[in-house]
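Notebook open. I want to go through this one piece by piece and jot down what I look up.

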Amino acid sequence: MDPGPIATYLPTLVRYAGVAIGLVVLMIIVYRVQIALGVNREAATGRALVVPWVVGFLIFNVFTIGASLYLSFTEYNLFKAPEWVGTANYEQLFSLSLAPLESPDQRSSDALPRRYDEIIRVQTASGGFVLGAKEEGFWRAIKLTLPYAFLSVPLGLAGALAVALLLNQHVRYLGFWRVLYYMPAILPAVATALLWRWIFSPNGLLNSAFAPLYALVNIPRPNWFFDPALAMPAFIIISLWGVFGANSVILLAGLKGIPAELYEAAAIDGAGEWSKFRHVTIPMLSPALFYNLVTSTIGALQVFEVAAFIQTPDSVGTFLNWLIYREAFDLRHMGLASAMAWIMLLIILALTALIFRSSEAWVFYQGAREEKA
Amino acid sequence: MTTTTSGTSAVWSAHGAGRGYLVRQGIVYGLLLLGAALVLIPFLWMISTSLKTEEQLFTGQVNFIPDPAVPGNYLEVWTKLNSIKPGMTFSRIIGNTLFITFLAMFGEILSASIVAYGFARFRWRGRNVLFAIMLSTVMIPGIITRVPAFLIWKQLGLLDTYDPMTWPSLFAWGPLYVFLMRQFYLTVPREIEEAAILDGANVAQIYWYVMLPLIRPILLAIAVLSFQGNWNNFQSPLIYLTTPEKYPLALAMRFFDQSLSKEAPQWQYMMAMATMMATPVLIIYFLAQKQFLDGINIGAVKG
């Protein structure tokens, strides 16, 4: 029921003010208690000032993540109390079965045990094998999301680096170029997802523009998001449009920060363009590249709006984040969805840890002292 | 742009302005223009489509200039939407979006600037550990907190209200903003604060009258980021709001998409709505572009 605008806005506004006042009071209490305990005023003030974040962190991160871990071991549909099921959700997700194919044209469903569906099928002349899972949707989502991140992030970063190097070639109207290249990143993801669905649609811009080419090689107009082989390139093109310009602006700032003396010194040592790039530009830029790599990877694994707005067959375009959302809020499988979310968290942590570990080998930090001198 | 003259200019003067240099610059500009075209074409296609009639949509040919142009699509889309849901008027949906955006923006900027102040300008035990923990929260995927958060809001009886999208911003929920502001606070000389203390100012006064004006450039950059983030927010309204009249623009677009264009996608209306949604964000971006781009760069490069 819609109570009308005023009755919708006003209560929220009142609670907003109440929470704000409550936080100020809490900050004052935290300060007073510390002073009473003999803490010096500087430390007491500093701690009081970060109270809003600490409270939010405890409620919206620590509590929710803990609760999510608990729920992942339960079955819960919002109507009945959560029921403890142990590791059943995880077992369900990791129920995999590898079966041989007796002949190349045997149906996967005949080779696999009951309630298992195909995720990967490898065919050879004499047979092959098929990998199946009970939660085949989950594995399909992983099979889509991880390669998407592994392809779109490096491509985006390489493109961004190329643009940043171009912009660093002493170009005129740099401000104009920066604004232009960053623009796609500022646009609402919802709007760009719709826009790209339209561009890639069977009669959309892309197919119309390439129509002569299709005629030349004699293929029908592709239906991008309905073809498993074409959906991935389409999704990657969308992601590149969204980020590479933005990343290039950030990398450009890094390039501008490289002292000219380093290039002069390299030139005196007889370094060519490539050598300068390899031994001056890349090491000096590596912290910015590293930052970009971490943030883009985390972002790519969580792609959501694109999946929400671009209709595809479930088996083609369901990204992990969207799958978890649907599992939780459409199907009300809160327990199973929580288990999926935990696996997603572990994937992100593992990948971030991997990037951090590798960074010791390739990221070059100037000593902080050296920088200040 | 002041930055054009710094950095690599010395390297270039060493090469001189010979013929090779000209050829090279030609290639550079050629590639930049190509990149610009790739950025602009989809964007122009969105605007072009929003001005077309239905017959112009599916000609199978590439045509960027609508003939005739029908700006009436921008009104028609709301008439269409009202015909499905009378309460979803233009003013209501925009009002909803602005209400959510401004409350969240205000909370984010205010709380992040206070928390960053505490992290940057005061020495206390546990500070660096807590700051590291805060930064590491960027790795937490939002979806993992969604189910329990949904249960909290359900318990509080606040589902289908704007509360989940607005006042949690007062808890400095964006670690990136705290980080960016802290970088800026660190550049303020200690003497300025000490002078204010000698004048008898308290912490609140120093924060409000001394520190905030000094970090104004980053406040503006964060205001743009925050406006963009909240105006475009899609996931939380999708989870929490169920009454169509309460929808912000992003959800209204999804509602429209799902209810009207099932059979034949009416792309001219969808693109009109997408353009409308993008316009305020773009205006603010263009107005504040210098401070915005410089601001986000400081965080990235120094981080």
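**Sheet in chain A**

I started with a pair of facing residues: A:Ile120 stands opposite A:Leu131 in E5(A). This is a predicted model, where local features need pLDDT of at least 70 and side-chain atom pairs count only at pLDDT 80 or more, while totals for chains, interfaces and linings use all residues; side-chain values use heavy atoms, with hydrogens and water left out. Residues are numbered from 1 along each chain as its sequence is written, and chains are lettered from A and ligands numbered from 1 in the order in which they are written.

Two strands pair if DSSP finds at least two bridges between them.

Next I looked up the strand order. The open sheet has 3 strands, E3-E5-E4 of chain A, with antiparallel pairing. Strand E3 (96–100) and strand E4 (117–123) of chain A are the edge strands, each pairing on one side only. From one strand to the next, the twist averages 20°; angles run from 0 to 180 degrees between N-to-C directions, and axes are lines fitted to C-alpha atoms, for helices over the stretch in contact.

How many bridges join E4(A) to strand E5 of chain A? I get 6, with E5 covering residues 128–133 and the two strands running antiparallel. A hairpin of 4 residues links E4(A) to E5(A). I also noted A:Val122 opposite A:Phe129, and A:Glu118 with A:Gly132 as its bridge partner in E5(A).

On the E3 side, 5 bridges join E3(A) to E5(A), again antiparallel. A:Pro100 has A:Phe129 as its bridge partner in E5(A).

**Around the sheet**

Helix H6 (residues 136–167) of chain A lies across E3, E4 and E5 of chain A, at about 55° to E4(A). I then checked the loop between helix H5 (108–111) and E4 of chain A, which holds A:Arg115. A:Arg115 is not a glycine, yet has a positive phi of about 65°.

Helix H2 (residues 19–50) of chain B has 32 residues. From its first C-alpha to its last I read 46 Å, close to the 46 Å expected at 1.5 Å a residue (expected span: 1.5 Å times one less than the number of residues). Where does H2(B) bend? The bend is at B:Leu40, by about 30°, and B:Pro42 follows within four residues; the bend is the angle between axes fitted to the seven residues ending there and the seven starting there.

A cis peptide bond turned up between B:Asp67 and B:Pro68, with omega about 0°. B:Pro68 sits in the loop between helix H3 (54–57) and helix H4 (73–84) of chain B.

**Domains**

Bounds come from an automatic or database domain assignment. For chain A that gives domain 1 (5–84), domain 2 (96–133) and domain 3 (137–372). Over C-alpha atoms, the centres of domain 1 and domain 2 of chain A are 51 Å apart.

Chain B splits into domain 1 (3–50) and domain 2 (79–302), with 33 Å between their centres over C-alpha atoms. In chain B, 5 residues of domain 1 are in contact (heavy atoms within 4.5 Å) with 8 residues of domain 2.

**Confidence check**

pLDDT is the predictor's confidence in each residue, from 0 to 100. Chain A averages 88, with 98% of the residues scoring at least 70; chain B averages 87, with 91% at that level. In chain B, helix H1 (residues 9–15) is lowest at a mean of 46, and helix H5 (residues 90–121) highest at 95.

I flagged residues 1–14 of chain B, where pLDDT stays under 50 and the model has 23 contacts beyond four places in sequence. Residues 368–373 of chain A also stay under 50, with 1 such contact. Where pLDDT is low, the predicted coordinates should not be read in detail.
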